Amino acid sequence: MITNPSNFRDLHDCYDFIEAGHLYRSALPRNLTKQDWDKLYNLGIRYIIDFRSEFERKEDSYECDQRFQHYNWSALKPENGNR
């Protein structure tokens, strides 16, 4: 089990705990072609979850294919300390 990860968005230490075919970790899905989105869809992926902060999303945005459900869940604690 991982304790006190420095960046939980980095999953390289978790791969042994993730059931194969249930979670894919990737970089930002920007500039993807229709064929790229088709490949993701054909892999069975249906959800895109962006753990970046609102600031990060504004600085580097992308358009998500309409076949996918897209969620923005910031993984960072806000400067005011609220969760």
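This is a predicted model: local features need pLDDT of at least 70, side-chain atom pairs count only at pLDDT 80 or more; totals for chains, interfaces and linings use all residues.
**Salt bridges, strands and a buried tryptophan**

Trainee: Quick one to start. Is Asn 31 buried or exposed?

Mentor: Asn 31 counts as exposed, because its relative accessibility is 71%. Buried means under 20% relative accessible area, exposed means over 50%, and partly exposed is in between (1.4 Å probe, protein chains only).

Trainee: What does the secondary structure of the chain come to?

Mentor: Two helices and two strands. Read along the sequence, the pattern is α-β-α-β. Helices (H or I, at least four residues) and strands (E, at least two) are DSSP runs, numbered from the N terminus.

Trainee: How do β1 and β2 run, parallel or antiparallel?

Mentor: Parallel, with four bridges joining β1 (residues 47-50) to β2. Two strands pair if DSSP finds at least two bridges between them. The chain crosses from β1 through α2 to β2, and this β-α-β crossover is right-handed. Right-handed has a set meaning: with the strands pointing away from the viewer, the path from the first strand over the helix to the second runs clockwise.

Trainee: Which residue does Asp 50 stand opposite in β2?

Mentor: Asn 72. Asp 50 itself lies in strand β1. Asp 50 counts as buried because its relative accessibility is 6%.

Trainee: What does Asp 50 touch, not counting residues up to four places away in sequence?

Mentor: Its partners include Leu 28, Arg 57, Tyr 62, His 70 and Asn 72. Contact means heavy atoms within 4.5 Å.

Trainee: New topic. How many salt bridges does a search of the whole structure find?

Mentor: Six. A salt bridge is a side-chain nitrogen of Lys or Arg within 4 Å of a carboxyl oxygen of Asp or Glu. One of them joins Asp 50 and Arg 52, with the closest N and O atoms 2.8 Å apart. Arg 52 is buried, at a relative accessible area of 15%.

Trainee: And which residue does Asp 38 form a salt bridge with?

Mentor: Arg 67, and the closest N and O atoms are 2.8 Å apart. Asp 38 lies in helix α1 (residues 34-42) and Arg 67 in the loop between α2 (54-59) and β2 (69-72), so the pair ties together parts that are 29 residues apart in sequence. Arg 67 is partly exposed, at 34% relative accessibility.

Trainee: Tell me about Asp 65. What does Asp 65 form a salt bridge with?

Mentor: Arg 67 as well, with the closest N and O atoms 3.0 Å apart. Salt bridges that share partners join Lys 34, Asp 38, Asp 65 and Arg 67 into one network.

Trainee: Where does Asp 65 lie?

Mentor: In the loop between α2 and β2. Asp 65 is buried, with a relative accessible area of 17%. A polar atom of its side chain lies 2.8 Å from the backbone nitrogen of Arg 67.

Trainee: Now Trp 37. Is Trp 37 buried or exposed?

Mentor: Trp 37 counts as buried, at 5% relative accessibility. Its place is in helix α1. Leaving aside neighbours within four places in sequence, Trp 37 is in contact with residues including Pro 29, Leu 32, Asp 65, Arg 67 and Phe 68.

Trainee: How far are the C-alpha atoms of Trp 37 and Arg 67 separated?

Mentor: By 9.0 Å, and the two residues are 30 apart along the chain.

Trainee: Which residues make up the largest nonpolar core?

Mentor: Five residues: Trp 37, Ile 45, Ile 48, Tyr 62 and Phe 68. A nonpolar core is a set of buried Ala, Val, Leu, Ile, Met, Phe, Trp, Tyr and Cys residues joined through side-chain atoms within 4.5 Å.

Trainee: Last one. What do buried residues make up in the chain?

Mentor: 17% of its 83 residues. On contacts, take those between residues at least 6 apart in sequence: 38% join residues at least 24 apart.

Methods. Residues are numbered from 1 along each chain as its sequence is written. Side-chain values use heavy atoms; hydrogens and water are left out. A polar contact is a pair of N or O atoms within 3.5 Å; within protein, one must be able to donate a hydrogen and the other to accept it, and residues adjacent in sequence count only if both atoms are side-chain atoms.
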